[in-house]
Each structure stands twice: as structure tokens, then as C-alpha cells.
Amino acid sequence: MNSSYLDSSRPNREIDERARNRDPSFIQKRESIRKMLDEIDTNGDSLITRDELYTFLKNHSDGSFNRTVVNEMFETFVTMRNRTDPNNPITVDDISHITIEEFLEVYLEHEGQLKENLEDIKLDLQRMRTHREETKLKLQEAHATEKKNVFNIMEDSLLHVTVNGAKALKPLEQAASCDPYCILTLDRQKLETPYIKSSVNPEWKETFTFDVWNPNDSLKLVVMNHDIFGNDEFSGQIVIEMSELMDQKKHEGWYNLRSQDSEELMPGKIGLTLQFIHSGVDFLTENVYDWDVQINEKNQEMALVERKLKLLYDPFSHIMEKQSWLEPQKKIKEIETKFAFQFENIARGSLGRANIEWYPLTRFLARTFLILSILIGFNRPNMLDTLLAGSILLYLLEFPIDSIPQNVYKAHATGLAISIVWDLLWVLIFIVPWMKGEQWDGGLGNGMRRFTAFLSIISFCFKFVFGLVMWKNSTDYYRFEMERRKNQGV
């Protein structure tokens with residue numbers, strides 16, 4: 001099959017074409033790669049075979065280029081082609097060659113996909129590390145507060161039971177169906193699901209939590225058929241010993257119903273998810289280990305994507321190096337992301353909380369900043385701080401934290417930095433002669449000046465912390481934006 005679709009239906013990347021064409025980095029990269037690819041087209045037909053492409057890319061790399069990358073690029077081309085023309089789908093085997101223009105589209109599309117994958121992985125890693133740190137804080141709290149009862153289990157031990165559903169239940173004798181519900185009992189606790197009308201395969205998806213004192217107790221679940229006259233009919237039961245759940249893991253499965261003496265099998269099965277938490281320390285320790293495993297796997301995944309990007313870049317490394325001055329935002333964003341993660345961990349540790357509500361905290365800091373600015377303004381020029389505090393508070397009261405544009409956060413953080421520099425200069429240059437001013441009111445004026453100087457020093461330290469919070473919020477804008485795009489499928 002002819003693979004050249006340049007004239008009729010050349011694949012288009014799903015991005016804003018006009019914005020892309022205005023990007024100087026994209027324009028320079030595309031034109032530079034096009035000039036290099038002219039070396040392949042020795043016969044001038046503008047077609048590139050898979051072998052020609054592989055040989056060219058390998059010769060222009062450090063020798064590590066492999067066919068996998070070429071094959072993935074051809075698969076990307078097929079995906080793009082089928083997306084453009086879904087009525088005439090093709091496979092990789094149908095492609096023997098592509099045009100230089102198609103290669104450029106494929107190359108840049110594949111690069112974009114790998115970059116998006118890398119951003120998603122980094123976002124996942126940030127979430128995982130955040131959850132791990134939250135779990136570590138909970139583990140520290142559990143070490144300090146957990147107490148054992150006489151049965152050597154945690155005093156606040158819990159059994160979580162989710163009744164997912166049942167299947168193939170015995171129908172009522174006078175009907176082809178039934179109205180089942182479940183009764184769950186543990187020690188003196190008794191809970192019920194609602195009944196499902198006319199179903200031998202009901203679904204409940206109901207979750208219950210039981211307090212557990214004795215690990216030798218057992219959970220009993222009875223399935224009953226609801227009767228409008230009150231003569232509910234027994235349909236079967238199961239008994240689960242707590243000793244079977246001591247590993248604290250989730251146990252999910254289908255359990256055969258039995259008779260009231262548990263000797264005979266009854267028609268039907270019940271689907272349950274059970275988890276018995278009897279040691280918070282052990283449970284959270286296992287959770288931290290699980291997060292470490294997942295983070296390690298995600299790091300390996302990130303390393304694989306980064307290697308694919310390197311393989312993609314190697315043949316054009318001198319071009320990519322020329323582009324580096326056009327893309328300083330990437331390195332800045334990486335630094336900001338690391339800063340935000342470290343700052344959040346430090347804040348959690350300092351406040352001793354696993355979760356910090358940054359929006360209420362930011363609003364509280366903004367109000368405090370405004371009050372400090374007004375008090376200081378009675379005895380020294382402080383219009384900058386007052387206007388800055390008012391602007392920040394106005395935005396926070398008007399918009400949710402994830403709806404404020406990133407440049408607004410950055411502008412306010414920059415304003416705080418300028419204010420900090422001004423305070424520092426004021427303290428170093430003006431505060432000593434200012435405080436030695438004439439005591440024209442018998443010392444009251446000098447006392448007010450001393451109080452204002454004290455507030456100025458507090459404000460200086462406060463603005464440093466507040467500035468970090470605002471910059472952290474501006475960095476979180478990337479996360480909000482990525483989550484929004486992922487939710488909207490952008």
C-alpha cells in the first residue's frame with residue numbers, strides 16, 4: 001500500500017497549528033531537521049524507507065540508536081493516519097516508506113507524546129511522594145499513640161466489609177426471583193444492606209465498618225429474602241473467622257453460601273471485600289514500603305521514557321543544543337517543581353500535619369499581611385505593602401486557588417520579594433537615625449517608633465515565608481493545569 005498521504009490526508013497533530021507555527025523553537029527545529037533529512041533522499045523522490053531511516057539515525061547518533069525507536073515512530077504515523085482517515089485503517093506492515101514531510105510530522109508528534117508521558121510520570125511521582133510523606137507522618141503518630149488491648153491488637157481495630165453483590169441466589173418458591181438483603185453481625189454489632197427487588201444477582205456495593213476487640217471473633221453474613229408480610233426467608237449464610245484476615249490486606253472474592261448449621265452448600269455466592277486493620281504501625285509500615293516500590297517502578301518508567309527521548313534526540317543533538325537557549329522555561333519549571341515538593345514536605349513536618357489546606361492558609365497569611373501593613377503604615381511609609389496585601393486578598397476572595405492565573409501568583413511573589421528588599425534597605429539605612437529622632441512627646445513617639453520597627457522586622461520575616469507560599473502556589477498551577485487537561489482529554 002502506498003504510504004504517501006501528503007497531498008490528500010496528511011496527518012495533523014492535535015495541537016493549535018497557529019500557535020505552533022509562531023513558536024521559534026519549533027520552526028528552527030523543523031527546518032534544521034528537514035535539511036539533515038535531505039541527505040537520505042539521494043534520488044530526490046522525497047520518500048524514506050524504514051531501513052534508510054534507521055541507517056541515517058544510527059549514523060548520526062552515538063551508535064546506540066535501535067530499530068525499536070524507528071518502529072515506534074512508524075506506529076505513531078499509523079495512529080496519526082488512522083485518526084485522520086478512520087474509514088481506511090492501515091497497519092505498520094502496510095507501510096514501506098513515508099515522505100520527508102510525513103517523517104517530520106511523525107518525529108515531532110512522537111517527541112510530543114514522549115514529553116507528555118514524561119510530564120505525566122513526573123506528576124504521578126510527585127503525588128506518590130506526597131502520599132508517602134503523608135503516610136510517614138501518620139506512621140510517626142501511630143508509633144506515639146497506638147495502644148494494645150488484652151488480645152495484643154490495637155484498641156481501635158477495625159474491620160471494613162464491602163458487600164459487592166451476590167449471584168445465582170435461590171428464588172422464592174412462588175416466583176422466579178427474590179428480594180434479597182444481607183444481615184452482618186460481629187460480636188454485638190449488627191448491620192444490614194437494603195433489599196434489592198426482584199433479583200437473583202443483586203449488587204449492593206455497600207461498605208460497613210465494625211469495631212473489633214477480640215481477634216478470635218467471627219463475622220457472620222446471612223442472606224435473606226424480603227417478604228412484605230414479614231416472613232423473610234433464609235437463603236444462606238457465610239462465617240468468616242477474623243484469624244483469616246490477620247495480614248491486614250484486602251481480601252476480595254466470592255464465598256459459597258451454606259445452610260444455618262454451615263454443613264450444606266446452598267444455592268448462590270456472595271461477593272465481599274474485607275480488610276481487618278489491627279495494627280496501625282504495621283499497616284502504615286507496609287504502606288510506606290508499597291509506596292517505595294511504586295515510586296521505584298515509576299522511576300524506572302521515567303528512565304525508560306527519558307532514554308527513548310535521548311535516542312530520539314541523539315541524531316539531531318547539535319540541533320537540540322542550539323534550541324536550548326530558546327527553552328529556558330523547562331529547566332526553571334523543573335527547579336520550581338522540586339522546590340514546591342521540598343517546601344511542602346518541610347511545611348508538613350513543621351506543622352506536624354499530613355495534609356495542609358493551602359487555600360485557607362494562603363488567605364489567612366494574606367489577611368495577616370494586610371493587618372501588619374496597616375499597623376506599620378501609621379508610623380512609616382508602607383503603601384507598597386498595603387496595596388500588595390489588598391491585591392492578593394482581593395484575588396483570593398474572588399477566585400478559587402486553582403483558578404487564579406499563574407502570572408498573578410508570580411507577580412505577587414515578585415512584589416513580595418521587592419518589598420523584602422525595600423524592608424532590608426530601610427532597616428540597614430534608616431532605622432537607627434529614625435529611632436533616635438527627637439522625643440517631642442516625652443517618649444511616646446519614640447516608643448511608637450520602636451514598636452513600628454519591631455513590627456517591620458516581623459513583617460520582613462513574615463513576607464519571606466508568605467513569598468515562598470505564593471511561589472509554591474504558582475508552581476502548583478502546573479499541576480492544576482495538567483490535571484485539568486487530563487480530565488478534559490486535552
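Visitor: In the hairpin of β9 and β10, which residue takes a positive phi?

Guide: That's Ser262, with a phi near 65°, in a hairpin that has six residues between the strands. Before we go on, this is a predicted model, where local features need pLDDT of at least 70 and side-chain atom pairs count only at pLDDT 80 or more, while totals for chains, interfaces and linings use all residues. Residues are numbered from 1 along each chain as its sequence is written, and side-chain values use heavy atoms, with hydrogens and water left out.

Visitor: How do I read labels like β9, and in what sense do β9 and β10 pair?

Guide: Helices (H or I, at least four residues) and strands (E, at least two) are DSSP runs, numbered from the N terminus. Two strands pair if DSSP finds at least two bridges between them. Here β9 (residues 251-258) and β10 (residues 265-277) are antiparallel, with seven bridges. One place to look is Gly253, whose bridge partner in β10 is Leu272.

Visitor: Which residue in β6 stands opposite Thr162?

Guide: Thr207 does. Strand β3 (residues 158-167) runs antiparallel to β6 (residues 203-211), joined by seven bridges. β3 also pairs with β10, again in the antiparallel sense, over nine bridges. In β10, the residue opposite Thr162 is Thr273.

Visitor: How many residues of β3 are buried?

Guide: Seven of the ten, so the strand is mostly covered. The cut-offs go by relative accessible area: buried is under 20%, exposed is over 50%, and partly exposed is in between (1.4 Å probe, protein chains only).

Visitor: Now the rings. How many aromatic pairs does the structure hold?

Guide: Three. Rings of Phe, Tyr and Trp (its six-membered ring) pair if their centres lie within 6.5 Å; planes under 30 degrees apart are stacked, over 60 edge-to-face, and the rest tilted. Take Phe369 and Phe462: the centres are 6.3 Å apart and the planes are at 35°, so this pair is tilted. The two residues are 93 apart in the chain, with Phe369 in helix α10 (residues 358-377) and Phe462 in helix α14 (residues 444-488).

Visitor: Why does Phe369 count as buried?

Guide: Because its relative accessibility is 0%. Phe462 is buried too, at 16%. Phe462 also makes a tilted pair with Phe466, at 5.9 Å centre to centre and 40° between the planes. Those two sit about one helical turn apart, because they are four residues apart in α14. Put together, Phe369, Phe462 and Phe466 form one aromatic cluster.

Visitor: What lies over the face of Trp254?

Guide: Lys167, at 4.3 Å from the ring centre. A charge sits over a ring if NZ of Lys or CZ of Arg is within 6 Å of the ring centre and within 35 degrees of the ring normal. Another case is Lys410, whose charged end is over the ring of Trp471, 5.0 Å from its centre.

Visitor: And how many salt bridges does the structure hold?

Guide: Eleven. A salt bridge is a side-chain nitrogen of Lys or Arg within 4 Å of a carboxyl oxygen of Asp or Glu. Lys463 and Asp385 make one at 2.7 Å, N to O. Lys463 lies in α14 and Asp385 in α11 (residues 383-398), so the pair ties together parts that are 78 residues apart in sequence. Both Lys463 and Asp385 are buried.

Visitor: Which residues are linked in a network of salt bridges?

Guide: Asp124, Arg127, Lys298 and Glu301. Within that network, Glu301 and Lys298 meet at 3.3 Å, N to O.
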